[in-house]
Amino acid sequence: MSPLVYLAFGTAFGFVLSRSGAADYDVVQQMFRLQSFQLYGIIGVAVAVTAPGLWLLRRVGRTATGARLEVKPKPRHPGNLVGGAIFGIGWSLTGMCPGPIFVNVGEGKLYALAALAGALAGAALFSLLYERLVSPLRLPALEHGPGDG
Amino acid sequence: MLILHHLEPWHWAVAGAAIGAITLLLLWVTNQRLGISTGLENLCALAIHPPYLRRREIAGSQRWRLPFLAGLVLGGFLSAATSGGWAPLWDLGIFDAVIGWGPFGKLAWMFAGGCLIGFGTRMAGGCTSGHGIFGISNLERASLESTLCYLATGIATSALIYGFGAVR
């Protein structure tokens with residue numbers, strides 16, 4: 001598949017994230033402070049649309065080009081919980097989860113470049129420490145990784 | 001509630017349906033599972049090459065995750081450009097009103113938060129997209145558990161910083 005197809009998917013996703021409020025610091029704070037239903041509603045409706053569609057696509061078992069549809073479930077391990085807890089603090093501090101970091105950079109929010117630099121530093125540190133974290137967090141073997149998404 | 005250039009955000013049902021449609025189309029057309037945080041590793045792999053970043057998933061996904069991330073930036077740019085014009089911004093909503101740190105403090109705050117995002121999402125094996133939307137939609141227990149954890153600490157952190165009530 002051409003990289004331009006993925007560029008187009010990313011562009012559409014980024015545009016929606018921008019206009020939905022998911023890439024807005026105040027909207028994210030209102031979500032975490034339980035003052036606004038906006039982002040809970042978005043995630044809820046996205047799941048309500050994706051779940052039955054996914055069930056149907058998996059039943060059909062073929063992609064648009066006729067290839068065998070592959071959905072690899074993520075491995076379950078304590079890192080899901082510990083890493084999730086660490087991520088939630090970062091999401092609250094910056095008002096960004098990974099997608100909106102990139103969207104905010106595109107929108108021209110200069111401080112998002114610092115969030116991006118931090119996210120890359122954090123991912124790099126995790127990459128370097130992976131072998132040492134496998135045993136305490138019971139992570140999958142290095143060649144499988146902690147789950148991709 | 002107003003966002004970028006004083007726009008009213010899309011209704012949550014419209015935005016949620018659009019995200020669901022994009023997620024399904026990405027899978028149906030390209031056979032890829034929506035997920036953004038692994039892309040941070042794809043970017044790291046351009047510069048450093050520890051064994052972890054040489055695993056097959058990273059090498060095999062450079063050609064789709066990198067243009068997808070570039071698209072996210074482009075989507076944000078187009079959203080700003082078509083809503084009053086693109087301009088560099090320093091504004092940070094209630095952070096400015098309550099905490100009020102200048103540019104240098106804001107950058108340090110964002111860098112620190114970003115580190116937690118990069119380290120945490122990769123340890124968790126996913127973020128809001130891969131766990132929260134795709135994983136939960138696929139009824140994966142790891143995704144539901146991870147999502148509950150990041151929502152819980154996000155709520156606790158924002159409550160500590162700003163409280164649940166009106167802005168001080």
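Modeller: Begin with packing. Two residues are in contact if their C-beta atoms, placed from the backbone, lie within 7 Å. Helices (H or I, at least four residues) and strands (E, at least two) are DSSP runs, numbered from the N terminus. In this structure, the buried residues of α7(B) pack against α2 (25–32) and α4 (78–94) of chain A, together with α4, α5 and α6 of chain B.

Biologist: What kind of model is this, and how is the numbering done?

Modeller: This is a predicted model: local features need pLDDT of at least 70, side-chain atom pairs count only at pLDDT 80 or more, and totals for chains, interfaces and linings use all residues. Residues are numbered from 1 along each chain as its sequence is written, while chains are lettered from A and ligands numbered from 1 in the order in which they are written.

Biologist: Which residues of α7(B) are buried?

Modeller: First the cut-offs. A residue is buried if 20 or more other C-beta atoms lie within 10 Å of its own, exposed if 12 or fewer, and partly exposed in between; C-beta atoms are placed from the backbone. In α7(B), the buried residues are B:Ala142, B:Ser143, B:Ser146, B:Thr147, B:Cys149, B:Tyr150, B:Thr153, B:Gly154, B:Ser158 and B:Tyr162. They cover an arc of only 165° around the axis, which puts them on the same side of α7(B). That arc is taken over the directions from the helix axis to the C-beta atoms.

Biologist: Where does A:Arg33 lie, and is it buried or exposed?

Modeller: A:Arg33 lies in the loop between α2 and α3 (38–60) of chain A. It counts as buried, because it has 21 C-beta neighbours inside 10 Å. Leaving aside neighbours within four places in sequence, A:Arg33 is in contact with B:Ser158, B:Ala159, B:Tyr162 and B:Phe164. B:Ser158 and B:Tyr162 are among the buried residues of α7(B).

Biologist: How many residues does each chain give to the contact between A and B?

Modeller: Chain B gives 116 residues and chain A gives 107. On the chain B side, the elements that give two or more residues are α1 (12–30), α2 (38–44), α3 (56–81), α4 (93–99), α5 (103–124), α6 (128–137) and α7 (141–162). That side divides into 71 nonpolar, 34 polar and 11 charged residues. Here Ala, Val, Leu, Ile, Met, Phe, Trp, Tyr, Cys and Pro count as nonpolar, Asp, Glu, Lys and Arg as charged, and the others, Gly among them, as polar.

Biologist: What about the domains of chain B?

Modeller: Domain bounds come from an automatic or database domain assignment. For chain B it gives domain 1 (1–89) and domain 2 (93–168). Their centres, taken over C-alpha atoms, are 17 Å apart. Nine residues of domain 1 are in contact with nine residues of domain 2. On the domain 1 side, α1 and α2 of chain B each supply at least two residues.

Biologist: Which residues have the most contacts inside the largest nonpolar core?

Modeller: A nonpolar core is a set of buried Ala, Val, Leu, Ile, Met, Phe, Trp, Tyr and Cys residues joined through C-beta atoms within 7 Å. The largest has 89 residues, and those with the most contacts inside it are A:Val16, A:Ile42 and A:Ala115. Helix α6 (residues 111–137) of chain A gives the most to this core, with 11 residues. Domain 1 and domain 2 of chain B both give residues to this core, so it lies between them. Not counting residues up to four places away in sequence, A:Ile42 touches A:Ser20, A:Ala22, B:Trp12, B:Ala15, B:Gly16 and B:Ile19.

Biologist: How do I summarise each chain?

Modeller: Count elements, then burial. Chain A has six helices and zero strands, and buried residues make up 58% of its 149 residues. Chain B has seven helices and zero strands, and 51% of its 168 residues count as buried.
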